[in-house]
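The report below describes a single protein chain, moving from one residue to its surroundings and then to the chain as a whole. Please keep the structure in view while reading.

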Amino acid sequence: MWVRTRATVAGGVALILVAVIAIWLVVRQVGDNLTLPLVARKCTVQADGRVALDADQMANAATIAAIGAKRGMPERAVVVALATAYQESGLRNLADGDRDSVGLFQQRPSQGWGTPAQIRDPRYAANRFYAALKKVRGWEKMRVTDAAQRVQRSAFPEAYQKWADDSEVLSRALLGDASGAVACTVGRTPAMYGAAAAAQLTRNLVLDWGLKGTDPTDPTGLAVTPGDQRDGWRYAHWLVSHAQDHGVKRVRFGDLEWTARNGSWGRVDGQQSPAGQVVAEVFNEG
């Protein structure tokens, strides 16, 4: 009986060891290719590649890209910023982190990045990141991870590079280099409705992009006249990216339209958005 028990235990230990080794081999093989968790991904971005994010991540990515464009930074800077936020926070506006780190880029108040409240403002955090990146001599010719590391000074300097490809896809879409590239599914209960949603949507579009002359009084939504096709898709993709948190029901640009109901872009036959405008409609209350 004792011999049989010992053999059974030995067999169980062997099976456990085999399982542990198998798991280790799998992690070693694919670990560098692991991406963000697949839970609650409501947005897809397709622009010479495909990225899936949830609504919060998508909204944060759109604001990071908009702030870069507003500052006149080249697309490469937006790629570096997005890859940094991917690695540091998973594109989430975190309330805490390592030591006193907070926010999208895990910037530290004790290192002079600002107060915790300031750093938790995505626009402030993105502006501080771009300002620091601009001071790095020759960053434009560096690898994404090297440019990010010169700003962040991380203990894991190679970690940013694994997000470079996804960040390039996001940048192409959010900076208007692709049409109908950002599609999000909005839940049945948007965060805002009616006039309040329209006013907040207009305010944040102005803050992110620096637009002037946008009417904040329309209770049904807003209309923006872009300078060109690329600008139009910048604004249209930003609006879809912020659909969940701003109660956006419909976005139209040219002969394409995104609706919350379908969560995708479709062609509107025989109809164009008025005067080349980007038009957004918000949910009415109830």
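## V251 and its surroundings

Leaving aside residues up to four places away in sequence, V251 touches A236, L239, V240, L256, E257, W258, W265, V278, V279 and A280. The model is a predicted one, and the contacts just listed should be read with that in mind. V251 also belongs to the largest nonpolar core, which has 80 residues, and together with Y130 and L170 it touches the most other members of that core. Helix α3, residues 75–89, gives the most to this core, with nine residues. In soluble globular proteins, nonpolar side chains tend to be buried together.

| Strand pair | Sense | Bridges | Residues opposite each other |
| β5 and β6 (256–259) | antiparallel | four bridges | R250 and T259 |

β5 and β6 form a hairpin with two residues between the strands, and within this hairpin G254 takes a positive phi near 65°.

## Helix α3

The helix α3 comprises 15 residues and reaches 21 Å from its first C-alpha to its last, which is close to the 21 Å expected at 1.5 Å a residue. Why can α3 be described as largely enclosed by the rest of the structure? Eleven of its 15 residues are buried, and α3 is therefore largely enclosed by the rest of the structure, where buried stands for a relative accessible area under 20%. The buried residues of α3 are A77, V78, V79, V80, A81, L82, A83, T84, A85, Y86 and S89. Their cover includes the strand β2 (50–53) as well as the helices α2 (55–70), α5 (122–134), α6 (144–152) and α7 (164–174). Just after α3, G90 takes a positive phi of about 65°.

## The chain as a whole

The chain has ten helices and eight strands, and 46% of its 286 residues count as buried. Among the contacts in the chain with a separation of 6 or more, residues 24 or more positions apart account for 62%. The accessible surface of the chain comes to about 14,800 Å², and carbon and sulfur atoms make up 53% of this surface.

Terms used: Residues are numbered from 1 along each chain as its sequence is written. This is a predicted model: local features need pLDDT of at least 70, side-chain atom pairs count only at pLDDT 80 or more; totals for chains, interfaces and linings use all residues. Side-chain values use heavy atoms; hydrogens and water are left out. Buried means under 20% relative accessible area, exposed over 50%, partly exposed in between (1.4 Å probe, protein chains only). Contact means heavy atoms within 4.5 Å. Accessible areas come from the Shrake-Rupley method with a 1.4 Å probe; for residues, only the protein chains shown count as cover. A nonpolar core is a set of buried Ala, Val, Leu, Ile, Met, Phe, Trp, Tyr and Cys residues joined through side-chain atoms within 4.5 Å. The expected span of a helix is 1.5 Å times one less than its number of residues. Two strands pair if DSSP finds at least two bridges between them.
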